[in-house]
Amino acid sequence: MSAFDSKQKTYRHRNEVTVLLTLSTSDKPVEATMFLSLGERASDLLNDSRAFIPVRLGDGDTMIIAKSQIASIVEGVGEKQGKPKSRIYGEDFSTASSKEEAPPKTFDAYAMLRVSPTATNEEIRAAYKTRMKAVHPDTFASLGLDEEIAKAAVLASQKVNYAYQKIMRERGAAQTDRTA
């Protein structure tokens with residue numbers, strides 16, 4: 001799920017965590033979904049400065065609950081029932097799918113630099129410089145964009161660097177093999 005933050009003109013993301021919620025006005029626990037920020041735990045949510053928190057009940061209704069009325073929360077309820085514990089954008093992060101089902105991803109250094117494998121070293125160097133100019137973190141930092149975009153730029157520049165180093169290593173090894 002995400003919510004638009006009009007002050008920063010960005011989307012805020014949240015995890016949905018299924019819990020058993022017991023209120024001080026009732027002895028019967030209710031299955032509910034709490035909305036946590038990325039990296040946040042239920043205890044963090046309960047200890048922040050807000051007096052009320054939103055929860056989604058099992059029937060789909062959203063309720064705003066005063067934290068002072070919460071007697072107990074049991075996390076991980078959905079995990080025991082075979083449901084994913086946490087979801088982002090409806091993606092299933094449950095461990096039901098095994099790694100063998102997905103084909104292994106191979107890293108294509110030439111595709112990352114957008115050159116053909118038959119390109120010369122000069123063409124590869126020019127492509128590397130062009131790609132780095134396009135994805136360099138400093139380019140995005142000067143635009144004042146969201147922190148997530150800056151992190152993505154760092155990751156992209158690391159991949160471009162890795163691709164260039166991998167190609168040059170392979171070509172260096174191939175050139176030394178030819179000369180030996």
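Among contacts in the protein between residues at least 6 apart in sequence, what percentage join residues at least 24 apart? The figure comes to 47%. Please keep in mind throughout that this is a predicted model.

1. **Overall layout.** The protein has six helices and eight strands. Starting at the N terminus, the order of elements is β-β-β-α-β-β-β-α-β-β-α-α-α-α. Of the 180 residues in the protein, 26% are buried.

2. The buried residues of α4 are I124, A127, Y128, R131, M132 and V135. Viewed down the axis of α4, these buried residues fall within an arc of 135 degrees, so they line one face of the helix. E122, T130 and K133, on the other side of α4, are exposed.

3. **The largest nonpolar core.** This core holds 15 residues, and those touching the most other members are L113, V115, I124, Y128, V160 and I167. Two or more residues come from each of α3 (109–113), α4 and α6 (147–179). The biggest contribution is that of α4, with five residues. As background, nonpolar side chains tend to be buried together in soluble globular proteins.

4. **I124 up close.** Which residues is I124 in contact with, leaving aside its neighbours within four places in sequence? The list is Y110, L113, V115, A119, Y164, I167, M168 and R171. Do have a look at I124 on screen, as it is both one of the buried residues of α4 and one of the core members that touch the most others.

5. **Aromatic pairs.** Searching the whole structure gives two aromatic pairs. One of them is formed by Y128 and Y164, which are stacked, at 4.2 Å centre to centre and with 20 degrees between the planes. Since Y128 belongs to helix α4 and Y164 to helix α6, the pair ties together parts that are 36 residues apart in sequence. Both tyrosines are buried: the relative accessible area is 19% for Y128 and 16% for Y164. With the cut-off for buried at under 20%, Y128 at 19% is a value to keep in mind.

6. The structure has three salt bridges. One of them joins the side chains of R56 and E16, at 3.4 Å from N to O. R56 is in strand β4 (residues 52–57) and E16 in strand β2 (residues 10–23), so this pair ties together parts that are 40 residues apart in sequence. E16 counts as buried, at 5% relative accessibility.

7. **Salt bridges around D48.** How are D48, R50 and K67 linked? They belong to a network of salt bridges. Between D48 and R50, the closest N and O atoms are 2.8 Å apart, and between D48 and K67 they are 2.3 Å apart. The D48–K67 pair links distant parts of the chain, 19 residues apart: D48 is in the loop between α1 (42–46) and β4, and K67 in the loop between β5 (62–66) and β6 (70–75).

8. **A backbone point at R114.** Finally, R114 has a positive phi, about 60 degrees, although it is not a glycine. In general, most residues other than glycine have a negative phi. R114 is located in the loop between α3 and α4, and it is exposed, with a relative accessible area of 64%.

Notes. Residues numbered from 1 in each chain as written. Predicted model: local features only at pLDDT ≥ 70, side-chain atom pairs only at ≥ 80, totals over all residues. Heavy atoms only, no water. Buried < 20%, exposed > 50% of the residue type's maximum accessible area, 1.4 Å probe, protein only. Helix = DSSP H or I, 4+ residues; strand = E, 2+ residues; numbered from the N terminus. Arc of directions from axis to C-beta. Core = buried A, V, L, I, M, F, W, Y, C linked by side-chain atoms within 4.5 Å. Contact = heavy atoms within 4.5 Å. Salt bridge = Lys/Arg side-chain N within 4 Å of Asp/Glu carboxyl O. Phe/Tyr/Trp six-rings, centres within 6.5 Å; stacked < 30°, edge-to-face > 60°.
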